[in-house]
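Visitor: I am new here and would like a guided tour. Could you show me what we will be looking at?

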Amino acid sequence: MVTAVTLLNASYEPLATVSFQHAVKMLFREVAIVEEADVHPDGGPRMIGPHPWPRVIRLVRYVATKWLYRPAGWSRHGVFTRDHHRCGYCGGRATTIDHIVPESRGGPWSWSNNVAACGPCNGAKGNRTPEEAGMALRTEPYVPSRAQLVALQRED
């Protein structure tokens, strides 16, 4: 059973993933149409009233997405998504967020000062900078746009 539905702009560019309930409401308000439907086990499309059961819907009118290309607001989840849930030091599975410049030294919670890290690397680095700890970052932290985070979430 479908629980999340991909939402496309009128130009067929992916915008977001919406809940099944939200997608059905959009279909009945006629602001979207079904582009790809779920198939019933007997081979025909599943139906919800006059509409096929949606997997992918497309907006009828184009929505300007300039807001998608603004910098994303910082969040723990966003840091893990940006870093592909990989440790910024060893590349292992990340479970924590590390401050490049430690918080005790004035390092902020920000895109440019935080990386995803595994517990052992975060503990080994401790209250030091990567240079002081003799640990090199595998990638340079950056400020992603909202669109980049949406695309990265689809990959996960």
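Guide: Welcome! One term before we start: a residue is buried when its relative accessible area is under 20%, exposed when that area is over 50%, and partly exposed in between. Please keep in mind that this is a predicted model.

Visitor: Are Asp 98 and Lys 125 buried or exposed?

Guide: The side chains of these two residues meet in a salt bridge, at 3.5 Å from N to O. Asp 98 belongs to strand 7 and Lys 125 to helix 3 (residues 119–125), so their pairing ties together parts that are 27 residues apart in sequence. As for Asp 98 and Lys 125 themselves, both are buried.

Visitor: How many salt bridges does the structure hold?

Guide: The pair of Asp 98 and Lys 125 is one of them. Another joins the side chains of Arg 82 and Asp 83. The structure's number of salt bridges is 4.

Visitor: Which ring does the charged end of Arg 82 sit over?

Guide: Arg 82 is buried, with a relative accessible area of 2%. Its side chain meets that of Asp 83 in a salt bridge of 2.8 Å, N to O, and Asp 83 is buried too, at 13%. The charged end of Arg 82 also lies 5.8 Å from the centre of a ring, that of Tyr 142.

Visitor: What kind of aromatic pair do Trp 74 and Trp 109 form?

Guide: The structure holds 2 aromatic pairs, this one among them. Its ring centres are 5.5 Å apart and the planes make 70 degrees; planes over 60 degrees apart count as edge-to-face, so that settles the name. Trp 74 is in the loop between strand 6 (54–59) and helix 2 (76–82), and Trp 109 is in the loop between strand 7 (96–99) and strand 8 (114–117). The pair is edge-to-face.

Visitor: Which residues of helix 5 are buried?

Guide: Helix 5 spans residues 146–155. What covers its buried residues includes helix 2. Those buried residues are Ala 147, Leu 149 and Leu 152.

Terms used. Residues numbered from 1 in each chain as written. Predicted model: local features only at pLDDT ≥ 70, side-chain atom pairs only at ≥ 80, totals over all residues. Heavy atoms only, no water. Phe/Tyr/Trp six-rings, centres within 6.5 Å; stacked < 30°, edge-to-face > 60°. Helix = DSSP H or I, 4+ residues; strand = E, 2+ residues; numbered from the N terminus. Lys NZ or Arg CZ within 6 Å of the ring centre and 35° of its normal. Buried < 20%, exposed > 50% of the residue type's maximum accessible area, 1.4 Å probe, protein only. Contact = heavy atoms within 4.5 Å.
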